[in-house]
Amino acid sequence: MQETNITRIELDGRELILIGTAHVSKQSAEQVKEVIDKERPDSVCIELDEQRFQSIMDSNKWKETDIFKVIKEKKATLLLMNLAISSFQNRLAKQFDIKPGQEMIQGIESAKEVGANLVLADRNIQITFSRIWGNIGLKGKSQLLMSVFYSIFSKETISEEELEKMKSKDTLNAVLTDFTESFPRLKTPLIDERDQYLAQKIKDAPGKKVVAVIGAAHVPGITKEIYNDHDLVALAQTPPKSKIPKISGWAIPILLLSIIAYTFIANPSAGFDQALSWVLWTGSLSAIGAAVALGHPLAILAAFVSAPITTLHPLIAAGWVSGIVQAFFRRPSVGDFETLSADVFTIKGFWANKVTRVLLVIVLTNLGGTLGTFLGGADVIRVFFENLK
């Protein structure tokens with residue numbers, strides 16, 4: 001048996017065997033089966049959380065998604081990101097004619113065959129996304145979304161030989177260096193924290209011999225962190241939200257309304273101009289966002305009407321309003337969920353599927369509203385200072 005991509009660790013009289021895999025590689029899946037069959041471990045750890053495990057075990061789970069619940073729980077962006085990343089992985093899997101995550105599926109099947117305990121070793125993906133999202137700021141969010149969407153629709157392909165080379169530690173470290181240069185704050189929640197979480201779960205797995213099926217990106221970190229103790233509860237917590245956005249979320253609208261009210265008293269004509277400017281900037285740009293998403297005409301109208309109000313209220317967003325209207329008039333069917341994984345391969349499919357259309361309406365309306373807030377707010381302040389003269 002080739003030891004390439006296999007790391008063996010002796011710890012407190014136990015043997016921990018790490019298999020560094022590429023998530024869309026036939027060789028990885030074959031190696032997982034070969035190692036587990038030969039080693040017959042007491043436990044098999046796989047880089048999945050409960051949510052992704054259930055998705056693999058029940059491929060029809062998408063059909064149960066309640067799009068209104070997604071909007072209500074403010075998870076539209078999270079779902080869109082999930083779909084985007086899954087699309088990228090599915091595209092590579094399709095290129096190599098294998099199932100995405102086949103090495104994890106093989107780990108599950110082989111664990112059953114040898115009677116090993118199956119340990120879901122990764123952190124909940126929603127917590128990871130929450131910690132990423134709260135760690136990169138507005139500019140980082142925009143860059144990350146653009147990068148993810150570029151990866152979906154990029155026509156570039158890679159050879160399987162190149163894919164296998166990504167599993168070598170030297171090449172991998174170089175890839176991570178480039179990645180973290182673009183998004184330096186992303187490495188902590190995406191890689192470092194999960195290295196710690198995975199290491200602790202692997203260390204806590206029952207038995208004298210443990211095989212862990214993990215992405216190659218995590219092998220160097222786990223090899224280092226396995227000798228330390230980590231608090232899984234702390235790592236699995238959603239980070240506390242900063243009070244600054246909440247304070248500014250109320251302070252900025254109050255300030256803008258105060259400025260408009262003062263201007264109305266001093267110069268009603270100028271105050272009217274301020275109010276009109278606010279309505280036009282926020283409403284128009286939100287409506288443009290909904291239109292770019294090819295939203296229903298009433299969803300576009302809802303974006304225009306709601307944006308001037310919702311942009312002044314930190315607990316409501318124009319995208320949620322337009323998204324609910326879109327979902328009401330163009331409610332996704334079971335068929336839309338069935339074709340979702342195929343539709344997200346192309347720009348046309350992404351915009352045509354009713355599920356992603358709702359998500360795009362929400363996200364693009366909110367982006368338009370955010371831009372309108374900055375431009376409209378700047379114009380309100382400009383008129384205010386002009387009338388102080």
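A residue counts as buried when its relative accessible area is under 20%, and as partly exposed between that value and 50%. By this cut-off Asp 379, with a relative accessible area of 19%, is buried. The structure considered here is a predicted model.

**Overall composition**

The chain contains 20 helices and five strands. Of its 389 residues, 47% are buried. The accessible surface of the chain comes to about 19700 Å², and carbon and sulfur atoms account for 61% of that area. When contacts between residues at least 6 apart in sequence are considered, 79% of them join residues at least 24 apart.

In soluble globular proteins, nonpolar side chains tend to be buried together. The largest nonpolar core of this model has 18 residues, and the members that touch the most others are Ile 19, Val 35, Ile 36, Val 44, Ile 46, Val 211 and Val 213. Two or more residues of this core come from each of β2 (14–21), α1 (26–39), β3 (43–46), α5 (102–114) and β5 (209–215). Helix α5 gives the most, with four residues. A second, separate core holds 17 residues, among them Ile 9, Leu 11, Ala 121 and Ala 199.

The surroundings of Ile 46 can be given in detail. Apart from its neighbours within four places in sequence, Ile 46 is in contact with Met 104, Gly 107, Ile 108, Leu 118, Val 119, Leu 120, Ala 121, Asp 122 and Val 213.

**Helix α5**

The end C-alpha atoms of α5 are 18 Å apart, in agreement with the 18 Å that its 13 residues should span at 1.5 Å a residue. The buried residues of α5 are Glu 103, Met 104, Ile 105, Gln 106, Gly 107, Ile 108, Ser 110, Ala 111 and Val 114. Their cover includes β2, α1, β3, α2, β4 (117–120) and β5. After α5 comes Gly 115, which has a positive phi, near 75 degrees.

**Salt bridges**

The structure holds 11 salt bridges.

| Side chains | Distance, N to O |
|---|---|
| Glu 47 and Arg 194 | 2.9 Å |
| Arg 382 and Asp 379 | 2.8 Å |
| Arg 382 and Glu 386 | 2.8 Å |

Glu 47 and Arg 194 meet in a salt bridge. Because Glu 47 lies in the loop between β3 and α2 (50–57) and Arg 194 in helix α10 (residues 187–204), this pair ties together parts that are 147 residues apart in sequence. Both Glu 47 and Arg 194 are buried.

The other two pairs in the table involve Arg 382. Arg 382 and Asp 379 both lie in helix α20 (residues 354–386), three residues apart, or about one turn of the helix. Arg 382 and Glu 386 are likewise separated by about one helical turn, being four residues apart in α20. An α-helix has 3.6 residues a turn, so residues three or four places apart point the same way.

Notes: Residues numbered from 1 in each chain as written. Predicted model: local features only at pLDDT ≥ 70, side-chain atom pairs only at ≥ 80, totals over all residues. Heavy atoms only, no water. Core = buried A, V, L, I, M, F, W, Y, C linked by side-chain atoms within 4.5 Å. Buried < 20%, exposed > 50% of the residue type's maximum accessible area, 1.4 Å probe, protein only. Contact = heavy atoms within 4.5 Å. Areas by Shrake-Rupley, 256 points an atom, 1.4 Å probe, with all protein chains shown as cover. Salt bridge = Lys/Arg side-chain N within 4 Å of Asp/Glu carboxyl O. Expected span 1.5 Å × (residues − 1).
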